[in-house]
Structures are given as structure tokens and as C-alpha cells.
Amino acid sequence: MPAEPDITDPPAEVAVRIGAFTPALDAGVPEKALDRNLLVATWNLRAFGGLTKKWQAEEADSPKRCFSDLLAIAAVLSRFDVVAVQEVKGDIRALRHLLKALGPDWSFTLTDVTAGKAGNDERIAFLFDTRRVKLSGLACELVVPEDEPGIGATAFNKQFARTPYAVSFASAGHTFILVTLHVVYGQTAADRIPELSAIASWLSGWAQEVSEWGHNLICLGDFNIDRKDDPLYQAFTSTGLTPAPGLDGVPRTIFDDPGTEHYYDQIAWFVDDAKGPALALTFQKAGSFDFVPLWQGTLSKTELSWRVSDHYPLWSEFSVRSA
């Protein structure tokens, strides 16, 4: 039986393709600057579970995601400090090899699989560069009490199908809590409103509590919001959560058509102390990264979505300068 390839030692032709990411990333993502900035990202990696342990998957192989695809994903992720990843599956083979590709300075924390049909065998994970970000103690899944004020008796009559995950981090003397989730798509758009309303209401109250400890609170992930200012967006922003400036009109999926972009993925925080403590971190800029022209080749977009993702990564840059 042939030896398993070493993901840290790609063939020359793969290394050349991965190398093409560098100038695009240099142009599209801010550079990491010690004690000056913090780069937070979110990326829904489609069905991120199994892996074909070859440099190139063949026709009969399943899944089609292979070592080359993981290196492409790693090339993008490595530009951020901490990344919320949705759709990590029960099978974490791809995740384990992704961490090998990222190198020994990277670590992770993740939830257990969400049971039940609606949970879709999914986990939620944070991957982070330990040279720039450290865990600061808190890690929890959010459970909304039945008597939570402001939600209403019929607004949210069951727990989240995929439980939101909150983890606190520290970077350059700043402590921040990231809350990530993947809202269930449902049969209709209206099916998502109760969950979005519940998380917005709960976060507003929780933000008041964690602010007493000097924490910043940032919510990010796949909220399955269709359009800006639609009922889903209004539910998400109803308690003061404000999406990162610069993300308006940015496509979320590789299937979005110009002018009809979805607002599925978001990075948001409170800016009004009356609704939730305003973020102490200084926002710099936000954006996404388009990997499609770099990796699509002869693949259809559907084929590409199973190898990398159907979603683009979104990122926000914050200042952590002491003065």
C-alpha cells in the first residue's frame, strides 16, 4: 500500500498553484502587524468533514476534497488571527490535516456534533494563530432560558438546532468574546426569523453582563440572511447588532449574481451603549476574499464548492494599538 502523502510537502505543480494565492492575498487582506492589528474572520466551509488523502482526487474518489484543496484553504486561513468555521462535520479528518497544513503555531477549539436531523452532523470551530491570539478562559454553548425577557412565549419554543458557540480570546492586551453560529435554513425564510430574533435579544442582554469584565463581544457566522433590510436582517439587527462597515454588497457565496448578493454571512457587534456595550476595539476595515479565479480551473462552481466552499470568507480588521 503506498505511503500517505505529506501535506506539508506538496508536489512542485501544487506549490506553484498555491503560490499564486500570495499576491492576491497581499492585495486583498491586510498584513498581520505585531501589537497593531487583529484580523477576525468567518468562513462556512461546505461539508468540511471527509478527505481523500491524495494530492488530486480522481473520478471514482469520494469526497472530492483532497490535499491540494486543503492547502488552498490553509493559504487563505493563515492570513487571519482567528477564524470561526461553520459546517465542520462529525468526521474531522479534513480539519486534522488542515491544522497540519497551517503548522504548529495554529490551534483550535470546537463543539461536539449537534445531534438531530436539523443539526446536520455539524460542529462549529474556531481556528487561531497562537502567536497572535490566546484563549482567555471562556468557552460555552449558548442556551436560551424559556423565560428569557423580551423573546416572547411563541417566538422561540425550542433550543437552537445548531447551538451558538462563544469563546473568549486575548490579543495584545485586549480581551474579546466571539460568538458564532449557523442558523438553520428551514423550509422558508420566515422559519429563520425566530432563531435570529432570539440570538439578537439574548446577545443584547449578555453583552451588558460581559462588559463588566472589560470584554468585547463580536457575533459572526452564517446567519442565512437573504437580503439587506429584509425581515431576516431586521430580526438580526433588532437589538442593535450592527454589521461591519464595508460588507454591504459583498457577495457571500460563489453563486451570488451581481446586484442580488445574499447577506448570509455576517460579522457584527454593538455600537450603541443603550442597546449593548459598544465595541472597545477600533474597527479598521472589512472585506471578503475571492478564491474562485485562483482555484476553479476547469471545475464547475458546484464542483469547486465541494472542494473548497460555496461561501467566501469574510474578515474584519481591528486596531489593538495601546496608544
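Arginine 131 is exposed, at 54% relative accessibility (exposed means over 50% relative accessible area, buried under 20% and partly exposed in between, with a 1.4 Å probe and protein chains only). The model is predicted, so local features need pLDDT of at least 70 and side-chain atom pairs count only at pLDDT 80 or more, while totals for chains, interfaces and linings use all residues. Residues are numbered from 1 along each chain as its sequence is written, and side-chain values use heavy atoms, with hydrogens and water left out.

Twelve salt bridges are counted (a side-chain nitrogen of Lys or Arg within 4 Å of a carboxyl oxygen of Asp or Glu). In one of them, arginine 131 pairs with aspartate 105, with 3.6 Å between the closest N and O atoms. Aspartate 105 is partly exposed, at 31%.

Another salt bridge joins aspartate 81 to lysine 32 (3.8 Å, N to O). Because aspartate 81 sits in the loop between helix 3 (67-77) and strand 2 (82-89), and lysine 32 in the loop between helix 2 (21-28) and strand 1 (37-48), this pair ties together parts 49 residues apart in sequence (helices are DSSP runs of H or I with at least four residues, strands runs of E with at least two, numbered from the N terminus). Aspartate 81 is buried at 0%, whereas lysine 32 is partly exposed at 23%.

Turning to helix 8 (residues 301-307), arginine 307 is found there and is buried, with a relative accessible area of 10%. Its side chain reaches the backbone oxygen of lysine 64 at 3.3 Å. Beyond neighbours within four places in sequence, the contacts of arginine 307 include Gln56, Asp69 and Leu299 (contact means heavy atoms within 4.5 Å).

Key: Polar contact = N/O pair within 3.5 Å; in protein donor to acceptor, adjacent residues only side chain to side chain.
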